[in-house]
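Please look at the whole fold before turning to single residues.

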Amino acid sequence: MRIFIIHGYSADVEAHWFPWLAEQLTAQGHRVSIVELPTPTAPVRQEWDARLAAKIGTVDEDTLLIAHSLGTITALRFLSGLESGWRLGGFVSVAGFLGRLSVIPEIDNYLADSPEVAALAARIDVRTMIYSDNDEVVPSTASRTLAELLGAEQVVVPGGGHFLADDGFTELPEVLAAAEEVARQRR
């Protein structure tokens, strides 16, 4: 599979669980790329959209997108901008959400509008939402709401926070398991 890991706000491609996940999936024979989005502490929608389009290109049943936090809406917007007729093998979101976050008002403009998620869900074969019961950045209710709109399997990680290295997450087995499930269903 072609697998793309899409980070969120203020993230670094060399931080958190991203390098570990890429290493695990590469060892299984997948083609993995951690997409480095420009100016992660001051995201500009057009720049992030353009970077995803350049790195991912076309998607198909052999493509899996794994997105964390703000990377989720970025990935969903990318998908909503594709030509009709596309199909995606899988989408795994970690602490995903739509709408504004009270704790990060500086990204309100980036979050001004959301894609039509239900329409996207019909084109994505396997959908999983992983979230925590104590995330202080993205409320679990926001992740749960998005999961329901996507018709996604929900995986709740007790005490996971926002799944950052500061929360103790340099590995995230739940994401690896979700990615492996997408690959298994694609065989």
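Predicted model: local features only at pLDDT ≥ 70, side-chain atom pairs only at ≥ 80, totals over all residues.

A residue counts as buried when its relative accessible area is under 20%, and as exposed when that area is over 50%. Phe163, with a relative accessible area of 0%, is therefore buried.

- Six strands make up an open sheet, in which the order is E2-E1-E3-E4-E5-E6 and the pairing is parallel.
- The edges are taken by strand E2 (31–35) and strand E6 (153–157), and because each of them has a single partner strand, one side of each is left without a neighbour in the sheet.
- From one strand to the next, the twist averages 15 degrees.

**Strand E3 and the pairings around it**

- E1 and E3 are joined in the parallel sense by five bridges, and in one of these pairings Arg2 has Thr63 of E3 as its bridge partner.
- E3 is also joined to E4 by five bridges, again with the two strands running parallel, and here the bridge partner of Leu64 is Gly90 in E4.
- Gly90 has a bridge partner in E5 as well, namely Val126, where strand E4 (residues 88–94) and strand E5 (residues 124–132) run parallel and are joined by six bridges.
- How many of the residues of E3 are buried? The strand is mostly covered, with six of its six residues buried.
- Thr63, Leu65 and Ala67 point one way from E3, while Leu64, Ile66 and His68 point the other way, and all of these residues are buried.

**Helices against the sheet**

- Helix H2 (residues 45–56) packs on the sheet, where it touches strand E1 (2–6), E2 and strand E3 (63–68), and the direction of H2 makes about 160 degrees with that of E1.
- Helix H3 (residues 70–80) lies across E1, E3, E4 and E5, and runs at about 145 degrees to E3.
- In helix H1 (residues 18–27), the buried residues are Phe18, Trp20, Leu21, Ala22 and Leu25, and what covers them includes E1, E2, E3 and helix H6 (173–186).
- An α-helix has 3.6 residues a turn, so residues three or four places apart point the same way.

- Gly29, which comes just after H1, takes a positive phi of about 100 degrees.
- Ser69 is not a glycine, yet has a positive phi of about 55 degrees; this residue is found in the loop between E3 and H3, and because its relative accessibility is 5%, Ser69 counts as buried.
- Phe163 is likewise not a glycine and has a positive phi of about 60 degrees, and this residue lies in the loop between E6 and H6.

**The largest pocket**

- The space in the largest pocket comes to about 160 Å³.
- Which residues lie nearest the centre of this pocket? Of the 14 residues that line the largest pocket, those nearest its centre are Tyr9, Ser10, Ser69, His162 and Leu164.
- The lining of the largest pocket divides into eight nonpolar residues, six polar residues and no charged ones.

Key: Residues numbered from 1 in each chain as written. Heavy atoms only, no water. Pairing = 2+ DSSP bridges. Helix = DSSP H or I, 4+ residues; strand = E, 2+ residues; numbered from the N terminus. Axes fitted to C-alpha atoms, helices over the stretch in contact; angles between N-to-C directions. Contact = heavy atoms within 4.5 Å. 1 Å grid on protein atoms, 1.4 Å probe; cavity = no way out; pocket = protein on both sides within 12 Å on 5 of 7 lines; lining within 4 Å. Points joined across faces, edges and corners; volume = space filled by probe spheres on them. Nonpolar A, V, L, I, M, F, W, Y, C, P; charged D, E, K, R; others polar. Buried < 20%, exposed > 50% of the residue type's maximum accessible area, 1.4 Å probe, protein only.
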